[in-house]
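Subject: Structure for your review

Dear colleague,

Please find below the structure that I am handing over to you. I would be grateful if you would look at it first and then read the notes that follow.

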Amino acid sequence: MDKQVTLTIDGKLISVPEGTFVADAARMADIDIPVFCHHPKLEPVGMCRMCLVEIGRPIRDRATGQFVLENGQPKIQFLPKLETACTNRVEDGMVVHTQSESAKAGQKSTIEFLLTSHPLDCPVCDKGGECPLQNLTMAHGAGKSRFLYDEKLHLEKRKPLGELIYLDQERCIQCGRCVRFQDEIAGDPVIGFDERGRSMQIMTSSEPGFDSVFSGNTTDICPVGALTTADFRFGARPWELEEFPSICSQCPVGCNITINTRREAAADGSMVIKRIMPRQNETVNEIWICDKGRFAYHYTESKGRLTRPAIRKDGKLSRASWDSAIKLAAENFAEAGKNFVVLASGRLANEDLFNLKSLADHLKGDAVLYSEIGGGELTSAIGISPDTNLGEVGPGTTLVVIASDLYQEAPIWYLRLKQAVRRGATLIVANPRQTRLDDHASYVIRYAYGDEVKTVHSLDKKNKIGEAFTRSENVIIFYGSEGLGVEGSAALASACAKLLNEYGFAGKPNNGLVGVWQRANDQGAWEMGYRVEADLPRFLRGKVVYLVGVDPAGDDPRLAKALENAKFLAVQDILESATSELADVILPAQAHTEREGTFTSGERRVQRYYPALPVLGETRPDFAITAQIARQAGFIQEGTSVSAAFDILSETIPSYAELSYSKLAEVQPQWPVVGRGDLYYGGTTYENKHGLGAHLTTTASRGENVHILRVHRESAPRPQENELLAVPVTRLYDRGTTVLPAKVLKNRIGKATISMHPDIAERLNVKNGGLVKISFDGHSGEALVQIDKTIPAGVVTVPRSMGLAIHEPVPAKVK
Amino acid sequence: MAFVVLRHRDILDIKKLEVYRQNGGFEAFQNAVKNLKPDGVTQVVKDSGLRGRGGAGFPTGMKWSFIDSKNWPHYVVANADESEPGTFKDREIMESNPFQFLEGVALACYAVGANSAYIYLRGEFWQLAGFLDEKINELNDAGLLGAKLFNTNYSLNIYTHLGAGAYICGEETALLESLEGKRGQPRVRPPFPPAVGLYNKPTIVNNVETLTNVPLIIQNGAAWYKSLGTPDSAGVKVFSLSGRVRKPGNYELPFGATFRQLIYEHGGGVLDGRPVKAIMPAGASSSLILVDEKALDTPMDYASVRTLGSDLGSASIIVIDDTVSIDWVIQKTIHFFKHESCGKCTPCREGTYWMMNIAERAHNGRKDPADVELLHAVARQMQGMCLCALGEFATMSVVTGIDRFPSDFKNPVNLQEKIV
């Protein structure tokens with residue numbers, strides 16, 4: 001434990017860790033010192049002068065170093081001036097007065113100064129009701145203004161910093177929290193101050209404006225209504241909103257979120273989601289979320305929701321009862337035997353995946369995870385162990401990221417790794433092209449697409465990188481799917497797992513293998529024993545397929561063709577899709593915002609989410625639909641209670657054995673304290689009252705033997721002379737069905753863009769931003785060209801889920 | 001008496017390296033590097049009683065001794081951002097006696113173990129920066145700067161750097177931020193630059209005039225320097241005299257010379273023979289001195305000026321006679337500080353803007369006693385609240401102006417406005 005320092009604040013004797021700032025020490029002791037510029041996650045600047053207090057320090061005798069006593073007590077010396085609580089660190093014997101006449105006068109003065117420029121348009125301000133300035137004005141402000149109304153500055157009230165974030169220059173109090181967040185935490189210093197003095201204003205220096213995937217967080221820590229999101233701006237008043245704890249379903253990080261809803265006339269009186277806010281979990285996302293998680297929630301309100309069961313009759317889909325739909329599905333599944341395939345999405349809850357897997361097992365069919373990344377079974381064997389916390393790793397820990405662009409694929413992991421480096425961890429980034437994490441890496445390894453396994457084998461060589469790896473106390477490897485398909489990523493995972501196992505970086509906290517999956521609960525599927533299929537089109541032909549939460553037909557014409565040639569298709573989903581068009585039976589499911597359940601994050605933390613919206617139409621939760629099909633097929637599954645379903649799961653799947661549904665809802669005190677009455681301190685992030693989740697065990701951490709099969713893989717295909725090697729890469733904002741309905745993200749999603757080296761562009765005679773035709777594997781599409789000198793020559797990167805059906809490296813022609 | 005700092009007034013071509021060297025130039029530096037320990041140089045400066053000439057008057061040798069010797073490298077930065085209204089001494093020193101200044105920089109570097117020094121010049125001094133670059137090149141060519149000086153292991157390089165036109169960059173931590181390429185805004189102190197300065201390394205920031213004193217102190221000894229000036233304020237000071245005087249300009253006098261001597265003996269007295277009404281001894285940052293016979297006979301040193309309820313600061317003496325209304329003066333100073341406030345801290349950013357509104361309103365006719373009272377209250381409210389000294393300085397003339405010249409804030413004030 002850190003050395004403790006004892007001081008007195010307002011007569012209360014408290015002990016806090018050495019190095020703590022007075023403002024934070026007061027917060028720990030539940031004493032309010034108002035702040036604006038200070039934020040417990042940011043470096044102190046002492047700008048706003050709101051936290052002025054009287055600070056007394058004991059006088060020490062110069063010769064002896066002992067306290068000078070007066071009436072038996074240490075003699076305390078106060079400076080003639082007030083001091084900022086946010087920049088002064090605690091000292092033994094310090095005496096702080098936050099409520100003395102002079103301290104109160106100082107606080108009152110600062111509020112008065114701030115209000116001279118502030119428009120006081122609280123009645124129309126989005127922040128009104130959860131505004132630190134409003135609250136502190138009520139607490140410390142004078143009732144009457146001495147500033148002449150006519151002399152108020154009038155500035156721009158709707159200045160878009162980008163299309164996602166708007167600035168109200170009149171409301172801004174120049175505390176710089178947003179600028180410092182972007183600089184210190186996000187590592188995207190794209191906003192700053194322009195001009196000086198009273199003319200000082202926030203501006204953006206990037207094109208497009210405010211080009212950061214973390215921009216929404218600035219609206220949470222903005223202590224006034226200066227920064228608002230385009231999505232929520234003038235959308236609702238905070239006090240009208242209801243709050244429901246949830247888990248973000250957009251990527252494997254598993255950020256804790258709060259869903260704010262309101263009943264709305266504009267939506268015919270139904271409940272709608274108004275905004276997504278971060279919810280504190282210091283072991284997962286701290287108090288931040290990325291913009292995709294914040295803005296891409298609109299799909300659940302999409303007009304294309306499936307709301308009632310349907311059965312294909314005479315070639316057309318027509319409305320059916322649940323009973324008949326379930327019966328039809330069950331009959332076909334049972335008849336199929338070995339030809340029965342569950343093709344499930346990693347967006348489903350653990351309980352859904354569990355029931356689906358046991359249905360497939362019972363019918364002797366196959367359970368396949370719809371994913372382009374292989375090797376996940378190894379994360380179940382030597383993945384991250386219990387008690388791992390990326391928020392605390394530092395010196396002695398080496399973090400390796402290979403074949404993944406975390407900024408695009410799992411932004412909060414990018415942020416956590418970047419902060420770990422600041423605390424002293426070693427970071428090795430290996431990728432064929434430059435990624436955002438390179439800037440923070442201790443070592444960057446560039447390899448050619450196809451050389452992933454070779455690169456892993458070189459990690460323990462006798463050089464600086466090898467030393468950083470082998471001599472580390474702890475190693476965590478993040479592997480991804482940059483330029484890889486199912487087989488390539490499986491080979492990469494195997495190589496990583498072997499290396500970790502060989503050096504003992506497994507089975508203990510802060511060690512192990514992490515897959516940078518495509519979906520929120522891919523990890524859960526791997527834990528349940530799902531596999532992935534490298535050649536889905538061939539595999540699906542002639543099968544009876546139970547498609548749950550997936551749209552293969554929409555993703556790839558070859559898959560659409562395969563499904564057309566399947567024997568029977570049961571489609572269980574929340575949205576209409578190209579796949580549901582082909583269905584023999586449609587089973588409408590509830591979105592994760594409408595039900596409860598659990599996800600297993602990529603860090604193997606199981607977390608609960610709760611219903612935020614009422615059930616839509618006749619939809620049912622996935623696990624219940626599956627249970628009803630199972631029952632029809634003569635097999636009992638839990639289909640009514642998620643809690644009971646989870647407990648059965650935990651009895652069956654070894655890595656979940658120590659968990660229970662109620663354990664996932666346990667909370668512990670977290671630092672910093674956020675989300676309470678003092679919104680000025682941490683921002684509008686919600687406090688976590690509904691569960692921090694719990695870690696799974698691994699085969700290694702349970703002390704069982706780990707077997708790692710060596711996966712052989714052909715190296716990347718060699719393109720012909722007039723061809724390029726097209727490699728799949730993942731972008732944050734893609735045209736996936738859960739992203740595209742968010743209109744606010746339209747410009748960020750943009751068009752399919754392929755990247756290539758300038759030399760290649762010159763050879764092909766294409767310009768930056770030009771439109772080209774790209775064809776591979778008998779399939780072609782149009783794309784914009786981005787010229788990027790960090791892309792290796794001979795290669796063209798093709799984004800996944802942007803309309804070009806790329807699954808693995810493949811020779812391509814570009815015209 | 002021979003000039004100490006403005007030596008070009010005695011030796012016309014001292015800006016030529018050969019002339020400077022003929023007059024003992026760089027002997028002190030060479031001797032120090034070859035024969036003295038760095039601590040020895042610091043000790044001489046400490047013993048001399050030299051105090052910082054930038055305004056705060058902090059003992060220079062003591063500042064040097066604060067340099068954190070556990071953290072390397074060290075830097076020396078010469079503050080040549082001379083921006084205080086009424087201050088124009090550093091410019092003359094650098095233009096006319098550049099080598100003595102540069103030798104002072106070199107001695108400071110040797111004393112604190114710095115191998116690099118930066119001269120931070122205000123943006124308007126771009127010609128001067130070019131001129132200094134030439135002089136630095138001459139020193140490099142002459143082997144007086146560069147690697148392994150005088151066959152020792154000590155190396156030193158000096159660089160010039162131009163600011164971009166902000167008064168606040170004269171504040172040492174804002175200067176360091178600007179030098180690092182960031183916005184010129186002050187840092188929270190402590191830590192002070194000798195512990196955490198340029199690029200977070202121990203740094204000594206000294207004013208140009210301060211450094212220019214150093215070569216002669218090392219050459220002639222601490223006792224010689226101490227014999228000039230007063231016990232409280234050793235040595236000589238360049239007083240920048242301006243305002244309603246007949247002969248404005250820089251005057252180098254020993255500390256302890258009186259205001260009367262400066263204004264009447266050297267400055268030729270007040271224009272039109274009018275009486276002195278007020279003195280601003282530290283440029284726009286001054287507390288206004290209400291001038292009477294006793295004030296005129298007060299010695300100009302740090303301690304004595306304080307007895308008049310003011311501070312000597314950078315000793316830019318602005319003389320105000322009875323044709324000038326104080327309400328106009330403070331309206332001007334507030335306007336300046338409002339324009340130069342960096343905006344980082346609330347009381348200064350908002351307070352200067354607020355004060356400017358009230359002062360303009362009060363000056364432009366509508367002299368509502370409530371406004372004058374409010375102006376005074378706002379200034380008082382800013383005091384002790386600001387992040388750096390700029391905000392505090394902005395209030396000095398306001399509070400002392402209203403307190404000491406109350407009649408100038410009452411209707412009607414029929415004084416003719418004159419340019420100060």
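Setting aside neighbours within four places in sequence, A:Lys789 is in contact with A:His757 and A:Pro758. Please bear in mind that this is a predicted model. A:Lys789 lies in the loop between β35 (779-787) and β36 (795-799) of chain A. The C-alpha atoms of A:Lys789 and A:Asp759 are 8.4 Å apart in space, while the two residues are 30 apart in sequence. Is A:Lys789 buried or exposed? A:Lys789 counts as exposed because its relative accessibility is 67%, and the cut-off for that class is over 50%.

A:Asn350 belongs to helix α8 of chain A, which covers residues 350-362. A:Asn350 has a relative accessible area of 0% and is therefore buried, as the class requires a value under 20%. Which side chain does the side chain of A:Asn350 meet in a polar contact? The partner is the side chain of A:Thr600, at 2.8 Å. Not counting residues up to four places away in sequence, A:Asn350 also touches several others, among them A:Asn521, A:Met528, A:Phe599, A:Leu649 and A:Tyr656.

On the scale of the whole chain, chain A is divided into domain 1 (4-146), domain 2 (150-301), domain 3 (322-371 + 526-596 + 614-659), domain 4 (377-516) and domain 5 (724-814). The centres of domain 1 and domain 5 of chain A, taken over C-alpha atoms, are separated by 53 Å.

I turn next to the interface. Chain A contributes 32 residues to the contact and chain B contributes 31 residues. Together, chain A and chain B bury about 2,700 Å², of which 56% is on carbon and sulfur atoms. On the side of chain A, the residues that lose the most area to chain B are A:Phe113, A:Arg146 and A:Arg196, which together account for 29% of what that side buries.

Three salt bridges are found across the interface of chain A and chain B, including one between the side chains of A:Glu151 and B:Arg361 (2.7 Å, N to O). There are also 19 residue pairs in polar contact between the two chains. Both α2 (101-117) and β11 (191-194) of chain A supply at least two residues of the side that touches chain B. The largest share of that side, eight residues, comes from α2(A).

Finally, a word on confidence. The model scores ipTM 0.93 and pTM 0.95. Chain B has a mean pLDDT of 95, with 97% of its residues at 70 or more.

With kind regards

Key
Residues are numbered from 1 along each chain as its sequence is written. Chains are lettered from A and ligands numbered from 1 in the order in which they are written. This is a predicted model: local features need pLDDT of at least 70, side-chain atom pairs count only at pLDDT 80 or more; totals for chains, interfaces and linings use all residues. Side-chain values use heavy atoms; hydrogens and water are left out. Domain bounds come from an automatic or database domain assignment. Helices (H or I, at least four residues) and strands (E, at least two) are DSSP runs, numbered from the N terminus. Buried means under 20% relative accessible area, exposed over 50%, partly exposed in between (1.4 Å probe, protein chains only). Contact means heavy atoms within 4.5 Å. pLDDT is the predictor's confidence in each residue, from 0 to 100. A polar contact is a pair of N or O atoms within 3.5 Å; within protein, one must be able to donate a hydrogen and the other to accept it, and residues adjacent in sequence count only if both atoms are side-chain atoms. Buried area is the accessible area (1.4 Å probe) that two parts lose on being put together, summed over both. A salt bridge is a side-chain nitrogen of Lys or Arg within 4 Å of a carboxyl oxygen of Asp or Glu.
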